[in-house]
Amino acid sequence: MRDAVYWSAKVRGAKSAMKQVWGNGEHATALTVAEMRAADAYTIAHFTPGRELMRRAAEGVYGAVAWHGRTAILAGGGNNGGDGYALAGILAAAGMPPDVFAVSEKLSEDGRFYREQAQARGVRILPFNGETSLSGYDILVDCILGTGFCGEVRGLARTAIARINAAKEAGTFIVAVDINSGMNGDTGEAELAVCSDLTVSIGYYKTGLLTPAAASYIGRLTNVGIGIVLPETPA
């Protein structure tokens, strides 16, 4: 059964949020990718800097996982990769420094900030390539592709997803941050996607996470609130 943690911003005008009802009768607020992007932009413009939201996202993931043994984080570009570097710094500060495999070097300004912070805390950042082995880790964290991805996965991201799935088959615990890399955030469909033991959605569930198409990729699903405020909409 999915482990739903319901969180809703106490703000007027949340009418754009879609309501999904799961088989157990539980309600969960979910947004489309476009709605989530608009809510992020609105929150950053009026309430909370993006860097702080990224820190909260990483703290939420940190609190959602029973960390043990050796951990590696696979970080792509954009904010999803930034979440991974922020999480790496938090784990290092807690005495559990992970390795980070950089699947992409294209990062946002906030992502670069947390990458440098992780390095300063002793986190090893290694390039991911065709020869990279993910064996020997107890937990792998997927921060490769974000909710805006759709279509066919290519290049190093494809190789990384395949290696994560192979590690899962071998018994490694897989955590996906916000969405399973390769999955369409609106539909839950994927040509190739990470198969997770736990997916930690950030802010609000994305509609794709709650679809039958996503079910085969997700073992357990939870959401962590980070203070995303929904734009007000006309009555």
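In this predicted model, helix α4 spans residues 109-120. Its 12 residues extend 17 Å from the first C-alpha to the last, close to the 16 Å expected at 1.5 Å a residue. Five positions of the helix, Asp110, Gly111, Tyr114, Arg115 and Ala118, are buried. These residues lie on the same side of α4, because the arc they cover around the axis is only 140°. An α-helix has 3.6 residues a turn, so residues three or four places apart point the same way. Glu109, Glu116 and Ala120, on the other side of α4, are exposed. The cover over the buried residues of α4 includes the helices α2 and α3 and the strands β4 and β5. After α4 comes Gly122, with a positive phi near 95°.

Two of the covering elements, β4 and β5, belong to an open sheet of seven strands. The strand order is β5-β4-β3-β6-β7-β8-β10, and the pairing is parallel. The edges are formed by β5 (124-127) and β10 (218-224); each has a single partner strand, so one side of each is left without a neighbour in the sheet. On average, neighbouring strands are turned by 20° against each other, direction ignored. Pro127 of β5 is the bridge partner of Ala102.

Helices lie across the sheet strands. Helix α2 (residues 50-64) lies across β7 (173-177), β8 (196-202) and β10, and runs at about 145° to β8. Helix α5 (residues 155-169) lies across β3 (71-75), β6 (139-143), β7 and β8, at about 150° to β6.

The largest nonpolar core comprises 39 residues. Within this core, the residues that touch the most other members are Ile73, Tyr85, Leu87, Val100, Val141 and Ile202. The element that gives the most to the core is helix α3 (residues 78-93), with seven residues. Apart from its neighbours within four places in sequence, Tyr85 is in contact with Ala75, Val100, Ala102, Leu107, Gly111, Tyr114, Arg115, Ala118 and Ile125. Among these contacts of Tyr85, Gly111, Tyr114, Arg115 and Ala118 are buried residues of α4. In soluble globular proteins, nonpolar side chains tend to be buried together.

Note on methods:
Residues are numbered from 1 along each chain as its sequence is written. This is a predicted model: local features need pLDDT of at least 70, side-chain atom pairs count only at pLDDT 80 or more; totals for chains, interfaces and linings use all residues. Side-chain values use heavy atoms; hydrogens and water are left out. Two strands pair if DSSP finds at least two bridges between them. Helices (H or I, at least four residues) and strands (E, at least two) are DSSP runs, numbered from the N terminus. Axes are lines fitted to C-alpha atoms, for helices over the stretch in contact, and angles run from 0 to 180 degrees between N-to-C directions. Contact means heavy atoms within 4.5 Å. A nonpolar core is a set of buried Ala, Val, Leu, Ile, Met, Phe, Trp, Tyr and Cys residues joined through side-chain atoms within 4.5 Å. Buried means under 20% relative accessible area, exposed over 50%, partly exposed in between (1.4 Å probe, protein chains only). The expected span of a helix is 1.5 Å times one less than its number of residues. The arc is that of the directions from the helix axis to the C-beta atoms.
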